[in-house]
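Here is a quick tour of a protein model, from its fold down to a few residues worth a look. Keep the structure open while you read.

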Amino acid sequence: AMNRVQLLGRVGQDPIMRQVDGKNPVTIFSLATNEMWRTGESEVTQGGEIWHPTLLFLCNLGDISQKTTWHRISVFRPGLRDVTYQYVKKGARLFVEGKIDYGEYTDKNNVRRQATTIIA
């Protein structure tokens with residue numbers, strides 16, 4: 001079995017370091033990834049012939065759609081955790097590799113929530 005994730009995106013806020021109940025500290029930050037795609041016609045035709053590529057580009061770009069996905073990143077390894085906390089800043093472009101973790105927690109209103117985290 002394999003559980004591996006690779007993300008390339010932009011850091012959403014400066015990382016924070018937390019330590020809970022005497023456990024090892026963890027550095028946490030968010031990472032935004034963007035997906036872009038075109039909708040609409042993929043070819044423009046006239047009389048059965050495809051137009052010149054430049055005209056095709058100018059005349060039919062189609063609509064561009066974009067989706068941003070936010071990922072919660074947690075760094076536990078001592079050396080990487082400290083470097084991440086010290087040097088990673090909001091807006092930085094960053095490559096993250098880790099594993100995906102699905103967990104549950106109870107919020108301050110005593111409601112059970114699910115959380116998806118990338119463990120880097």
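Let's start with a term: a polar contact is a pair of N or O atoms within 3.5 Å, where within protein one must be able to donate a hydrogen and the other to accept it, and residues adjacent in sequence count only if both atoms are side-chain atoms. The model is predicted, so local features need pLDDT of at least 70 and side-chain atom pairs count only at pLDDT 80 or more, while totals for chains, interfaces and linings use all residues. Residues are numbered from 1 along each chain as its sequence is written, and side-chain values use heavy atoms, with hydrogens and water left out.

**A polar pair**

A polar contact of 2.8 Å joins the side chains of Thr33 and His71. Thr33 sits in strand β3, and His71 has its place in strand β6. (Helices, H or I with at least four residues, and strands, E with at least two, are DSSP runs numbered from the N terminus.) Are these two buried or exposed? Buried means under 20% relative accessible area, exposed over 50%, and partly exposed in between, with a 1.4 Å probe and protein chains only. Thr33 counts as buried because its relative accessibility is 15%, and His71 is buried too, with a relative accessible area of 17%.

As for their surroundings, contact means heavy atoms within 4.5 Å. Not counting residues up to four places away in sequence, Thr33 touches Leu7, Leu8, Gly9, Lys67, Thr68, Thr69 and His71. Leaving aside neighbours within four places in sequence, His71 is in contact with Leu7, Phe29, Ser30, Leu31, Thr33 and Ile118.

**The fold as a whole**

Zooming out, the protein has two helices and eight strands, and from the N terminus on its elements run β-β-β-β-β-α-β-α-β-β. Of its 120 residues, 25% count as buried. Take the contacts with a separation of 6 or more: residues 24 or more positions apart account for 63% of them.

**The core**

In soluble globular proteins, nonpolar side chains tend to be buried together. A nonpolar core here is a set of buried Ala, Val, Leu, Ile, Met, Phe, Trp, Tyr and Cys residues joined through side-chain atoms within 4.5 Å. Which residues make up the largest nonpolar core? There are eleven of them: Val5, Leu7, Val11, Phe29, Leu31, Ile73, Val75, Val88, Val96, Ile118 and Ala120. The elements giving two or more residues to this core are β1 (5-11), β3 (26-39) and β6 (63-75), and β1 gives the most, with three residues.

Not counting residues up to four places away in sequence, Ile73 touches Leu7, Thr27, Ile28, Phe29, Leu31, Val96, Ile118 and Ala120.

**Two pairs across the chain**

Leu94 lies in strand β7 and counts as partly exposed, at 22% relative accessibility. Beyond four places in sequence, Leu94 touches Leu7, Leu8, Gly9, Val11, Phe29, Leu31 and Val88. Met17, in strand β2, is partly exposed as well, at 34% relative accessibility. Its contacts, leaving aside neighbours within four places in sequence, are Pro25, Val26, Thr27, Arg81, Asp82 and Tyr85. Each of these residues has a C-alpha partner in the table.

| Pair | Apart along the chain | C-alpha separation |
|---|---|---|
| Leu94 and Gly9 | 85 residues | 5.6 Å |
| Met17 and Thr27 | ten residues | 4.3 Å |

**The largest pocket**

On a 1 Å grid over the protein atoms alone, a pocket is an open set of points where a 1.4 Å probe fits, with protein on both sides within 12 Å along at least five of seven lines, and lining residues have an atom within 4 Å of a point. Grid points are joined across faces, edges and corners, and a volume is the space filled by probe spheres set on the points. About 560 Å³ of space lies in the largest pocket. Its lining has 19 residues, of which Ile28, Arg72, Ser74, Tyr105 and Thr117 lie nearest the centre. β3, β6, β7 (93-106) and β8 (112-119) are the elements that give two or more residues to the lining, and the largest share, five residues, comes from β8.

**Two positive phi values**

Most residues other than glycine have a negative phi. Asp21 has a positive phi of about 50° although it is not a glycine; Asp21 lies in the loop between β2 (16-18) and β3 and is exposed, with a relative accessible area of 73%. Asn110 has a positive phi too, near 65°. Asn110 lies in the loop between β7 and β8 and is exposed at 64%.
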